Amino acid sequence: MDELIDILDSNGNLTGKTAMKSEAHRKGWFHPTVHVWFYTMDGRVLIQQRSKRKDVFPLLWDVSVAGHIGAGEDIEISAVREIEEEIGLTITPEALEKIGVFKSIHRHSENLLDCEYHHAFLCELKVPLHKLTKQESEVEDLSLISLVQFSQEIWGLAHLQKYVPHSTEYYRAIVKAIKNRL
């Protein structure tokens, strides 16, 4: 789905310009996104398998919930909206804990250069996995795996084709932040 988004400079600052997401991707303009990582107090992390219909990284496992921030939209409100859309869970902005902003650049093709700043949050998952409702157009599957297994897989050579290739620094920061809350 195309949507109007804010355009950022290469340092992540608002430029005052907006564009459709498709144009930003075509022209390689930086824009903000939200990433929400759900974890359980028994040391598991919720991961999402991207839909086979996605333009980028179809069927790879990724962050619990992610999405683009609408033009002029509050970051936390965007995160709450994406959570409800993608996994059918209603939370309050106060349940989110921001852990950082991460710069990401992925050239998928000549006409798709994805330049994003991920506003990353943690949120404790307090409902069982079977209570979540995945958005069929975005999400192929959901899984709760141990943080130990997740750590081993994102750094292990055997699973290079399983996860979206975020930077090592990004994954390290996520794992450390979750560990610190357990």
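## Reading the model

Let's start with burial: a residue is buried when its relative accessible area is under 20%, exposed when it is over 50%, and partly exposed in between, using a 1.4 Å probe and protein chains only. The model is predicted, and local features need pLDDT of at least 70, side-chain atom pairs count only at pLDDT 80 or more, and totals for chains, interfaces and linings use all residues. Residues are numbered from 1 along each chain as its sequence is written, and side-chain values use heavy atoms, with hydrogens and water left out.

Contact means heavy atoms within 4.5 Å. Helices (H or I, at least four residues) and strands (E, at least two) are DSSP runs, numbered from the N terminus.

## His-166 and its surroundings

His-166 sits in the loop between α3 and α4. With a relative accessible area of 13%, His-166 is buried. Its side chain makes a polar contact of 2.8 Å with the side chain of Asp-62. Such a contact is a pair of N or O atoms within 3.5 Å; within protein, one must be able to donate a hydrogen and the other to accept it, and residues adjacent in sequence count only if both atoms are side-chain atoms. Setting aside residues up to four places away in sequence, His-166 touches His-35, Asp-62, His-118 and Tyr-171.

## The α3 and α4 pair

Two packed helices are described by the angle between their axes and the distance between the axes. Here, the axes of α3 (residues 147-155) and α4 (residues 168-179) come within 11 Å and cross at roughly 170 degrees. That angle makes α3 roughly antiparallel to α4, a label for angles over 145 degrees. The axes are lines fitted to C-alpha atoms, for helices over the stretch in contact, with angles from 0 to 180 degrees between N-to-C directions.

From α3, the contact draws on Leu-147, Phe-150, Ser-151, Ile-154 and Trp-155, while α4 brings Thr-168, Tyr-171, Arg-172, Val-175, Ile-178 and Lys-179.

## Helix α2 and what covers it

Helix α2 covers residues 75-87, and its 13 residues should span 18 Å at 1.5 Å a residue; the end C-alpha atoms are 18 Å apart, so the two agree. The expected span is 1.5 Å times one less than the number of residues. At the start of α2, a side-chain oxygen of Asp-74 comes to within 3.1 Å of the backbone nitrogen of Glu-76. Just after the helix, Gly-88 takes a positive phi of about 70 degrees.

Buried residues of α2 are Ser-78, Ala-79, Val-80, Glu-82, Ile-83, Glu-86 and Ile-87. Their cover includes β3 (30-39), β4 (44-50), β6 (65-68), β8 (112-124) and β9 (139-146). Take Glu-82: its relative accessibility is 5%, so Glu-82 counts as buried. Leaving out neighbours within four places in sequence, Glu-82 is in contact with Val-34, Val-65, Ala-66, Gly-67, His-68 and Ile-87.

## Loop residues to look at

Pro-93 lies in the loop between α2 and β7 (97-109). At 27% relative accessibility, Pro-93 counts as partly exposed. Beyond its neighbours within four places in sequence, Pro-93 is in contact with Glu-76, Ile-77 and Val-80.

The loop between β4 and β5 (61-62) holds Phe-57, whose phi is near 50 degrees, a positive value in a residue other than glycine. Leu-59 lies in the loop between β4 and β5 and has a positive phi of about 65 degrees although it is not a glycine. At 39% relative accessibility, Leu-59 counts as partly exposed.

Terms used
Parallel < 35°, antiparallel > 145°, perpendicular 65-115°, else oblique.
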